[in-house]
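Open the structure in your viewer and keep the selection tool at hand. The tour below goes from one selection to the next and says what is there.

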Amino acid sequence: MKQTSTVGKSNKTVMVLLILGLSTIIFPLYMTVVIAFKQPSEMTNSISGILSLPKVWSLQNFREAMEVTDFWNSLKNSLLISGLTVGLSILIHSLMGYTLGRNKSSKFYNFVYLFIVSGMFVPFAILMMPLAKQTAEMGLANWVGVILLYVVFYMPMNIMLYSGYLTNIPLALEEAARVDGASTWLTYWKIIFPIMKPMHATVAVITALAVWNDVMTPLIIMAGSSENTLPLAQLNFQSQFGTNYNLAFASYLLSLIPILVFYVICQKQILNGVVNGAVK
Amino acid sequence: MTKHENERKRTFLLITIPILALFICFNTIPLIRGAMYSFTNSRGFGSHDWVGLRNYIDLFSDTRVGKSYLFTIKLALVTTIVVNVLSLILALGLNSKIRAKGFFRGAYFLPNILGALVVGYIFNYFFTYIVPALADMTGMEGLRSSILSSPSKAWIGVMIVCAWQAIAMNTIIYISGLQTVPEDVYEAGGLDGATGWKQFKHLTFPLIIPFFSINMVLCVKNFLMVFDQIIALTKGGPAQSTESISYLIYNNGMSGGQFGFQSANAVVFFIVIVVISVAQMKFSSSKEEQL
């Protein structure tokens, strides 16, 4: 980030406006924290009753919310699903992106590329009802099915990213390996896969964010399995205990904490990944 | 040499076949099955009969479906405009010479990483309790009852929540666009007297049109498929005034016994998405060519 020491007058106005604008982001988060720590008896219908700081900072609401939403189990499921989806996406999509990217002159592979990439236009709404049936028939109405579906849903986008990135990697690298007698398969894993590291980071970030926050797929596929992901737990929690707002907000805050921590640690990578994914 | 060529070809084929099979199994086949169900009277369980084009004919006379299309398109259009105007202004601010640039960019992107469902629940409370309480204090009559319980105003609530998260994303994309504009363009423009609005209109904006089209495509597609925010804020109400197409297909198709009918709705929705996406891409590529 370049910064100049001379900050002019107009920039001061911009600064003030930017700080004011931040309140639209901070306020909902402040509200969430304050309500999550309060007891129902402290809540009145006036603004000051809702938004004042809690009298005691007690973790009681969080303990209760963890129990009601089966927090640790949901967290485990969310981590498992996101982690495996990202891992499989990087392995499978990069391999497919490589294969399709290196065969642009072939009619067959070009068709496969267009066929898969056009999957981006298919809204989940048209797939959800047949998929609910199909996964149930195949015994995949569980987290395994959800992961398989994610690998398929993000394939069009990720393949486009990988095969686009591949155009920057010279063929000569592979040809050198070939002279040494290495097979195509080995050459890929030893040479091409490591070179595509920046793209792996982009794919990991956009896939992880999308999967972590997704509600619809687990809602439709895992509905009968009594297992929850973190967002799904909030949805089920709402329909059961919707009126205890303090408990509800403690639960919301709990579900936001993992991604907030992740964001604070990897902010730069996340911003880069998201921009690369959208612009490329 | 030919031996190697064969090995390479075989490897590529061995990679492609299983992955393509996976894609066909969980994307193409359900798509075809969905299209087939649209010609039946299936309720999602039990037996069903072929009804030909019945569902499609019914679809066009169904007021609830019509209403959901109107709502979804209105929401997508208004939110796209609001989001793009605000994020362009925000991006210009964040790209100017300010202190703590990194902090501001990070903070303004925050809404985008949070799950839409939970964000929706938080805003649900905000609209239901905080806004009416504020209106009580300041004496603003129109806002005393929650906007989410008013059939004519509930869509504004949905719009605000969608915008709150989408602005974060679009701003980051506009910033990366503004960074591609070289400094000397402004200097040359400054000599010609192009400053302020003139500078933006004639210099900056034309140079970031590719990023503008990315944002347009992203916005329209995401908002047309809006679902999580609806579940969290209104569940389609009040009086079915905020039923998005995805929500209607989910609600009536999965549990409302309209599996066949909503499959037809989904097919039409799919066609609408394809037409809009293709039109947008054609439009933006023709715009880019003019430059």
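Start by selecting chain B and chain A together: about 8300 Å² is buried between them, and carbon and sulfur atoms give 78% of that area. Buried area here is the accessible area (1.4 Å probe) that two parts lose on being put together, summed over both. The size of an interface is often given in this way, as the accessible area lost when the parts come together.

This is a predicted model, in which local features need pLDDT of at least 70 and side-chain atom pairs count only at pLDDT 80 or more, while totals for chains, interfaces and linings use all residues. Residues are numbered from 1 along each chain as its sequence is written, chains are lettered from A and ligands numbered from 1 in the order in which they are written, and side-chain values use heavy atoms, with hydrogens and water left out.

Next, colour chain B by pLDDT (the predictor's confidence in each residue, from 0 to 100). Its mean is 88, and 98% of the residues of chain B reach 70 or more. The model has an ipTM of 0.89 and a pTM of 0.90.

Now show the contacts (heavy atoms within 4.5 Å). On one side are 90 residues of chain B, on the other 94 residues of chain A.

Select E137(A) and R33(B). They form a salt bridge, with 3.1 Å between the closest N and O atoms; the term stands for a side-chain nitrogen of Lys or Arg within 4 Å of a carboxyl oxygen of Asp or Glu. The rule finds two salt bridges across this interface. Then select helix α1 (residues 2-37) of chain B, which supplies 25 residues, the largest share of the side that touches chain A. Helices are DSSP runs (H or I, at least four residues), numbered from the N terminus.

Move to the loop between α10 (228-233) and α11 (245-255) of chain B and pick A239(B). Its phi is near 55 degrees, a positive value in a residue other than glycine. Most residues other than glycine have a negative phi. Q240(B), in the loop between α10 and α11, also has a positive phi, of about 55 degrees.

Are A239(B) and S277(B) buried or exposed? A239(B) is exposed, at 57% relative accessible area, whereas S277(B) is buried, at 6%. Buried means under 20%, exposed over 50%, and partly exposed in between (1.4 Å probe, protein chains only). Q240(B) is partly exposed, at 34%.

Finish at S277(B), in helix α12 (residues 259-290) of chain B. Apart from neighbours within four places in sequence, S277(B) is in contact with F121(A) and K221(B).

Notes. Helix = DSSP H or I, 4+ residues; strand = E, 2+ residues; numbered from the N terminus.
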